[in-house]
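Hi everyone, thanks for making time this morning. I'd like to walk you through a structure that may be new to you, so let's bring it up on the screen.

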Amino acid sequence: MPRALIVHASRHGATAGIAERIGEVLRAEGIEAVVAPASHAPDPFGFDACIVGGGVYIGSWVKEGIEYLERYESTLSAQPVWLFSCGPLPGPTSDANATGSNDPMTQALGPVEGPGSGGRRKLQAVADVIGVRDHRIFRGAYDPNDPPKAMFERLVRMMPASKGILPAGDFREWDVIVGWAREIAAALREPATVG
């Protein structure tokens with residue numbers, strides 16, 4: 001039975017929820033799946049594949065996700081790896097009018113080059129070294145009653161305009177997430193693709 005490690009870097013739980021759901025789908029598809037937060041995730045050595053997800057804030061992954069990829073870069077480069085980003089929220093800051101692009105990657109992580117591209121370039125650099133198979137963007141969730149966990153979150157929430165920028169709700173598209181997890185399971189069941 002193939003073994004997959006699903007690692008998540010989540011600040012408020014939306015990314016962790018996606019990782020848990022991916023783990024459930026893989027198990028239902030006959031894959032042994034271990035789900036763990038990036039800060040406590042095991043070495044991926046000994047697994048047949050790894051899926052790593054990061055919450056996106058202002059165009060960058062939660063730092064523990066990047067740190068995990070960098071720490072285990074050599075091990076991950078020797079096995080199939082999939083990435084997912086959790087974010088952005090729907091609304092004026094994530095639509096094509098605000099970003100100038102219909103590309104979900106640009107809407108979540110910013111442009112490929114120029115101002116606002118630092119988080120995307122950092123993630124892409126390590127993804128290129130690892131040779132990831134796919135990187136999907138999934139919408140996140142926002143609960144205004146969940147206290148901010150970082151200084152920039154406090155600052156954004158204090159701005160009067162943030163009321164229209166941060167729509168409250170769970171915007172994760174579970175059917176899309178489940179479909180992607182099933183694609184991964186199918187790839188892992190093909191002996192030529194594992195290892």
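One term before we start: angles under 35 degrees between axes count as roughly parallel. Please also keep in mind that what you see is a predicted model.

Now, find helix H2, residues 63–71, and helix H6, residues 118–130. Their axes are 10 Å apart, and the two helices pack at an angle of about 30 degrees. That is under 35 degrees, so H2 and H6 are roughly parallel to each other. The crossing of H2 past H6 is left-handed. On the H2 side, Ile66, Leu69 and Glu70 make the contact, and H6 brings Lys122, Leu123, Val126 and Ile130. By type, the residues of this contact are 5 nonpolar and 2 charged, with no polar ones.

Let's move on to the largest nonpolar core, which has 27 residues. Which of them touch the most other members? Those are Trp61, Tyr68 and Leu69. At least two residues each come from strands E1, E3 and E5 and from helices H2, H5 and H6. H6 gives the largest share, with 4 residues.

Beyond its neighbours within four places in sequence, leucine 69 contacts Val52, Trp61, Leu76, Leu83, Leu123, Val126 and Ile130. There is another core apart from this one, with 25 residues, including Ala19, Ile31, Cys86 and Ala185.

Last stop: threonine 15, in helix H1. Is threonine 15 buried or exposed? Its relative accessible area is 3%, so threonine 15 is buried. Among the residues it touches are His8, Gly54, Phe84 and Cys86.

Technical notes. Residues are numbered from 1 along each chain as its sequence is written. This is a predicted model: local features need pLDDT of at least 70, side-chain atom pairs count only at pLDDT 80 or more; totals for chains, interfaces and linings use all residues. Side-chain values use heavy atoms; hydrogens and water are left out. Buried means under 20% relative accessible area, exposed over 50%, partly exposed in between (1.4 Å probe, protein chains only). Contact means heavy atoms within 4.5 Å. Axes are lines fitted to C-alpha atoms, for helices over the stretch in contact, and angles run from 0 to 180 degrees between N-to-C directions. Angles under 35 degrees count as roughly parallel, over 145 as roughly antiparallel, 65 to 115 as roughly perpendicular and the rest as oblique. A crossing is left-handed if the near helix is turned anticlockwise from the far one by less than a right angle, and right-handed if clockwise. Ala, Val, Leu, Ile, Met, Phe, Trp, Tyr, Cys and Pro count as nonpolar, Asp, Glu, Lys and Arg as charged, and the others, Gly among them, as polar. A nonpolar core is a set of buried Ala, Val, Leu, Ile, Met, Phe, Trp, Tyr and Cys residues joined through side-chain atoms within 4.5 Å.
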